[in-house]
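Please look over the sequence and the structure shown below.

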Amino acid sequence: MRSIWKGAIAFGLVKVPVKLYAATEDHDIGLHQVHDADGGRIHYHRRCEKCGQVVDYENIDKAYYDGERTVVLTDDDLASLTVEQSREIEVVEFVPSGQLDPVRFGRSYYLEPDSKSTKGYVLLRRTLEETDRTAIVKFSIRQKSRLGALRVSGNVMTLQSLFWDDEVRRAEFPALEETVRISPGELEMSAALVESFSSDFSPGDFTDEYREQLNMLIRAKLEKAEAMDTGETFGEAGGEEEDRVLELLEALRRSVMESRAAKNAGARSPLAGTAKTGASGTNIARAVQHKKGA
């Protein structure tokens with residue numbers, strides 16, 4: 001891996017030099033656009049609307065338009081901002097880890113110690129572990145001031161960017177204000193369904209099925225070109241499931257039975273693959289919709 005930023009974690013008078021690495025990578029298959037008539041590749045140009053010329057990246061500045069006037073901001077203008085010049089991950093406070101709502105999480109980064117002595121790094125890591133705290137930090141990267149969460153994953157400290165408070169939308173839906181009656185039987189059966197799906201999370205058990213099928217489609221088209229039969233490659237699409245409406249309790253009961261039967265048959269966890277959107281989930285959704293419309 002190649003580091004994308006160097007600086008230091010700063011809390012009080014303590015500074016811990018670190019390097020920053022992207023913790024995730026994109027494995028999506030790159031597709032480009034072509035003309036459907038002849039397969040020619042489509043290209044986009046950075047063309048100036050005033051002079052009509054195609055502009056190179058080095059001749060492009062940024063600008064802000066307020067509805068009446070345009071303000072041009074050069075690279076030198078942006079570099080003059082003091083927050084952009086900071087090379088510190090400033091610890092603002094330490095909070096209980098359970099207080100962080102995952103909806104606020106953005107990109108994840110690994111932090112590598114960047115010093116001959118790793119004592120400061122290890123001390124901070126162990127302190128976060130033993131106190132079950134997360135450090136709320138401020139840092140700047142790629143011309144943007146960011147809020148972040150500094151925490152521990154295994155033996156490495158991670159930095160996860162957080163959305164600012166005004167960037168998180170509020171969940172204000174009228175339906176959430178409605179009074180809904182849940183019977184003891186429905187709650188008990190729902191708990192039984194959760195228990196039947198319970199498992200320990202193993203990320204390696206899950207794969208991107210769309211990417212796998214897209215790879216299969218590309219390989220088949222390379223080998224057979226226009227002679228390729230999608231039905232032969234992927235199987236024929238099944239007909240629509242019979243439109244059945246079950247009462248919620250019955251849908252839960254059947255779902256529990258199906259989940260237990262799958263486990264007894266030696267199938268892998270029903271949380272993965274098609275079980276997520278199988279007949280049981282469909283029946284529950286329909287039953288809920290039926291209840292709302294009743």
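A polar contact is a pair of N or O atoms within 3.5 Å; within protein, one atom must be able to donate a hydrogen and the other to accept it, and residues adjacent in sequence count only if both atoms are side-chain atoms. This is a predicted model, in which local features need pLDDT of at least 70 and side-chain atom pairs count only at pLDDT 80 or more, while totals for chains, interfaces and linings use all residues. Residues are numbered from 1 along each chain as its sequence is written, and side-chain values use heavy atoms, with hydrogens and water left out.

Helices (H or I, at least four residues) and strands (E, at least two) are DSSP runs, numbered from the N terminus. The side chain of Q160 makes a polar contact of 3.1 Å with that of S108 and another of 2.7 Å with that of R151. Q160 counts as buried because its relative accessibility is 12%; buried means under 20% relative accessible area, exposed over 50%, and partly exposed in between (1.4 Å probe, protein chains only). Apart from neighbours within four places in sequence, the residues in contact with Q160 (heavy atoms within 4.5 Å) are F105, G106, R107, S108, L147, G148, A149 and R151.

Strand β9 belongs to a closed barrel of seven strands, in the order β1-β2-β6-β9-β8-β7-β5, with mixed pairing. From one strand to the next, the twist averages 40°, where axes are lines fitted to C-alpha atoms, for helices over the stretch in contact, and angles run from 0 to 180 degrees between N-to-C directions. Two strands pair if DSSP finds at least two bridges between them. Strands β1 (residues 5–11) and β5 (residues 88–96) run parallel and are joined by three bridges; A10 has E90 as its bridge partner in β5. Strand β5 also runs antiparallel to β7 (residues 133–140), with six bridges between them. Along this pairing, E90 is bridged to K138 and F94 to A135.

Six of the eight residues of β7 are buried. On to β8 (residues 145–153): β7 pairs with this strand in the antiparallel sense over six bridges, and V137 stands opposite G148. The hairpin of β7 and β8 has four residues between the strands, and R142 there takes a positive phi near 55°.

Which residues have the most contacts inside the largest nonpolar core? They are I9, I89, L111, V137, L150, M157 and L159, in a core of 20 residues. A nonpolar core is a set of buried Ala, Val, Leu, Ile, Met, Phe, Trp, Tyr and Cys residues joined through side-chain atoms within 4.5 Å. At least two residues of this core come from each of β1, β2 (14–22), β5, β6, α3 (119–131), β7 and β9. A second, separate core has seven residues, including V95, F105, L147 and L162. Beyond its neighbours within four places in sequence, L150 has contacts that include I9, L124, L128 and V137.

Last come the cysteines. A disulfide is counted when a pair of cysteine sulfur atoms lies within 2.5 Å, and the count here is zero. The sulfur of C48 has that of C51 as its closest cysteine sulfur, at 3.7 Å, so they are too far apart for a bond. C48 is partly exposed at 26% relative accessibility, and C51 is likewise partly exposed at 49%.
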